[in-house]
Amino acid sequence: MRLLAVASLALALTACDKPEDPAPVDIEQMNKDALGPPVQITLDPINFALIEKFDLFGAGCSFRPEGWTDLAIIANDQEATIIIGGEAVQAAADAGSRELPYGARAEYDGLSQAFELNLDEGEQLTEDYEVSTYSGTLIVRDDQDRVVYEQTGTYECGA
C-alpha cells in the first residue's frame with residue numbers, strides 16, 4: 001500500500017511539473033544583432049578638382065556640412081554623388097520622393113548607400129540670380145537602412 005501511495009504521489013508531482021512554453025524568438029532582432037552596429041562613414045570633401053574628375057557639373061543641389069569649405073554631396077535630377085576614400089559613390093534619384101529646387105530629389109537609392117537630403121525650403125538663407133541657399137541635414141544610410149552619416153549644414157541649389 002505504501003508503494004502505491006508513493007507511486008501516486010510521484011505521479012501527481014510530475015503532473016504538476018508541466019514545462020512552460022518557450023519564449024517566442026524574435027528572428028528580426030536576431031538578424032539585426034548578428035549584423036553588429038552600423039559602421040559610421042567619413043565623407044571626403046568634394047573640391048573643384050573632384051567635380052572635374054567625376055564630371056559633377058550641372059543644375060541641382062549640393063550640401064556643405066557646418067565647418068567645411070568644400071561640399072559633401074552633389075545631387076541632380078538623375079543621381080547624387082558622395083566621395084568615400086577617393087572613390088565616387090553614386091545613388092539614383094528616387095522619382096517618387098519630393099522634388100527639390102533645380103530638379104534635385106529628397107531621396108537617392110544606391111546599392112551600398114541611400115541619401116536623404118533634408119533642406120528647409122521655408123527658411124531660404126540667401127537668394128541669388130542662379131543660386132539659393134537653405135539650411136538642412138544630410139543623412140546617409142547603409143544597405144540595412146541604418147544611419148551611418150548625419151550632419152547639418154547648408155544646401156546650395158542652382159544651375
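# Disulfide and paired strands

Me: Which residue does a disulfide join to C61?
Reply: A disulfide (a pair of cysteine sulfur atoms within 2.5 Å) is found here with an S to S distance of 2.1 Å. By this rule the count comes to one disulfide. The partner of C61 is C157.

This is a predicted model, in which local features need pLDDT of at least 70 and side-chain atom pairs count only at pLDDT 80 or more, while totals for chains, interfaces and linings use all residues. Residues are numbered from 1 along each chain as its sequence is written, and side-chain values use heavy atoms, with hydrogens and water left out.

Me: Are C61 and C157 buried or exposed?
Reply: Buried means under 20% relative accessible area, exposed over 50%, and partly exposed in between (1.4 Å probe, protein chains only). C61 and C157 are both buried.

Me: Which residue in the turn between β3 and β4 has a positive phi?
Reply: β3 and β4 (residues 87-93) pair antiparallel over six bridges; pairing takes at least two DSSP bridges. I83 stands opposite A88 in β4. The two strands form a hairpin with two residues between them, and the one with a phi of about 60° is G85.

Me: Which residue in β5 stands opposite A93?
Reply: β4 and β5 (residues 107-109) run antiparallel, joined by two bridges. Opposite A93 stands Y108.

Definitions and conventions
Helix = DSSP H or I, 4+ residues; strand = E, 2+ residues; numbered from the N terminus.
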